[in-house]
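Please open the model in your viewer and keep a selection panel at hand. The tour below moves from one selection to the next and says what is there at each stop.

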Amino acid sequence: MSAQREMKEKNPWQTPVMIIITVIGVIAIVALVTVAVLQNRPLLQKYKYGIVLDAGSSHTALYIYEWPAEKDNNTGRVEQTHSCKVKGPGISSYASAPLEAGESLRACMQEAEKLVPGKRHHETPLYLGATAGMRLLNIENSSASDKVFQAVGDALQKFPFSYQGARILSGQEEGAFGWVTVNYLDDRLKQGLETTGALDLGGASTQISFVSNNYDGSESPRNSVTFRLYGNDYNLYTHSFLCYGKDQALKMTLAQMAKEGPATVFDPCFHPGYTATKNYSILYDGPCVSDRKPQAALATFTHTGKGNFLQCQEAVKSVFNFTYCKYSRCSFNGVFQPLLQGPFGAFSAYYFVMNFLNLTDTSIPLETVKDSLKRYCATPWNQIMLLHPDVKLKYLAEYCFSGTYILTLLTEGYNFTSKSYSDIKFIKKIKSSDAGWTLGYMLNLTNMIPAENPDSPPLPHVGYVSILSVIAVLLFILFILFILSLRPLWPRCSKQPQIV
Ligand SMILES: Nc1ccn([C@@H]2O[C@H](COP(=O)(O)OP(=O)(O)O)[C@@H](O)[C@H]2O)c(=O)n1
Ligand SMILES: [Ca+2]
């Protein structure tokens, strides 16, 4: 009995005071941590959406973007969650039937209606941006281009989204927003890292955009775009060459070869054995080629392939003008271009063509790439058709030209060398989003890239809760130790005489 009492006296945990203190202490810690967790728990993730239609010269594509609702003005990462290719040609091809341009967008828009949650429809911005195809139609026939926009706008407004308008992007915007997209997706802007240049090849125009340390924008102000993004200033060089997209370049090259108006055009950019009867008018319609029209044109010509890469390269070079430059340096056609500064991401048709030709690896020496293309161009047409039975013949016939055009544009046009060629990366997507101008365009119009870097909380949520828990436990231990240190003063002293 006395041993038991001694035990009880030695073990303060058995005194009622200590039990009560412990229980209260544990309850307090649990309450504190629970409050910390609940109060700072990330809110149930809700998303916002944005839709951009890229009305290109060859086709229209719809992109749906998504981002966490509570972060739309700062660090939220915007991602492409869906893309839809509109059936049929680009909207500029509907000049004589504008209503059909609007109609053509319906299927993709209905898809978007299903994919964006119903309760977000009315707040989801919807943009349509048209590029070089509509630029050309606008030059050629502005009332036809207005009608196409009217029809497209009418069709888009029938959907429940927040329609923000349809317009032609300037070449500068197209180049600059492509650059923003690539660098945003690579996380280079937020972190203030060295940026990647953007090379975009379309059907009717092509863009080059990059930051060059020794370019301040003063030499050719119209090629300069300045941004302040996440607290960093960027002075971007950008240029868009109208008519130098691969489809218009093909037309210009062929029109150049056929400028004497012969009955047969022997074309080194097409495979040997390729032959087709074509209408002369296809070579001279549109503002890129109208001035190359021969005096006495026949109605048709026979287009015959010769499959010769070097001659094709010469033919392509003939559509570039290298003879004049009023600046310290130029790319071509008298357009200023500062010293190239890599790395570069090359997307859209750059990727499609080089991927088809199995030439996306830029660590392969440029000479080897050219040799490979030389062999490809020299391959007879019937063999090419056998190798690619699934590819549409119109597209299949053009890869020799397109590959040659890309290499010529990069090296002769933009002055990439055998060495700097490896600074280029042919890309289709970055993470889940396509490389192109659409994302940059939407980020800009929704003010989603702040000029200054937003302040972020010093600790992430998990760190905050962990530190709070550790401090609570330490405080509790400290409290117990403090109580124990008071032990000699406990009532035990006054009970002593009873034992005696
Ligand atoms: N799978 C694909 C898709 C497009 N393309 C080409 O990529 C180019 C896209 O140009 P685009 O329609 O965006 O025209 P722009 O308005 O940008 O000049 C066209 O020349 C298409 O033929 C391709 O080669 N393979
Ligand atoms: Ca394009």
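Select Glu174 to begin: this residue counts as buried because it has 29 C-beta neighbours inside 10 Å, where buried means 20 or more other C-beta atoms within 10 Å of a residue's own, exposed means 12 or fewer, and partly exposed lies in between, with C-beta atoms placed from the backbone. Glu174 is found in helix H7, residues 171-185; helices (H or I, at least four residues) and strands (E, at least two) are DSSP runs numbered from the N terminus. UniProt, in an unreviewed entry, places the feature "active site" at Glu174; such positions are given in the numbering used here, with feature names shortened, and the annotations may be inferred rather than shown by experiment. Leaving out residues up to four places away in sequence, Glu174 touches Thr131, Leu169, Gln207, Ser240 and Trp437, a contact being two C-beta atoms, placed from the backbone, within 7 Å.

Before going further, note that this is a predicted model, in which local features need pLDDT of at least 70, side-chain atom pairs count only at pLDDT 80 or more, and totals for chains, interfaces and linings use all residues. Residues are numbered from 1 along each chain as its sequence is written, while chains are lettered from A and ligands numbered from 1 in the order in which they are written.

Next, select Gly203, Ala204, Ser205, Thr206 and Gln207, which UniProt lists for "binding site" in an unreviewed entry. Ala204 sits in the loop between strand S6 (197-201) and strand S7 (205-211), and it counts as buried because 28 C-beta neighbours lie inside 10 Å. Beyond its neighbours within four places in sequence, the contacts of Ala204 include Ser57, Ala132, Leu136, Cys243 and Asp247. Ser205 is found in strand S7 and is buried, with 26 other C-beta atoms within 10 Å. With the same exclusion of neighbours within four places, Ser205 is in contact with residues including Thr131, Ala132, Gly171, Ser240 and Tyr244.

Now select ligand 1 and the 19 residues around it, of which Gly56, Ser58, Gly202, Gly203 and Phe352 come nearest; a residue is near a molecule if its C-beta atom, placed from the backbone, lies within 6 Å of it. The elements giving two or more residues to this shell are helix H5 (132-140), helix H8 (246-257) and helix H11 (349-356), and H11 gives the most, with 3 residues. The shell divides into 5 nonpolar, 12 polar and 2 charged residues, where Ala, Val, Leu, Ile, Met, Phe, Trp, Tyr, Cys and Pro count as nonpolar, Asp, Glu, Lys and Arg as charged, and the others, Gly among them, as polar.

Which residues touch the most other members of the largest nonpolar core? Select Val152, Ala346, Tyr350 and Ile406, which do so among its 113 residues; such a core is a set of buried Ala, Val, Leu, Ile, Met, Phe, Trp, Tyr and Cys residues joined through C-beta atoms within 7 Å. Helix H14 (residues 393-413) gives the most to this core, with 9 residues. Tyr350 touches Leu199, Leu201, Ile406 and Phe426, not counting residues up to four places away in sequence.

Asp146 and Arg167 are 21 residues apart in sequence and 9.8 Å apart in space, C-alpha to C-alpha.
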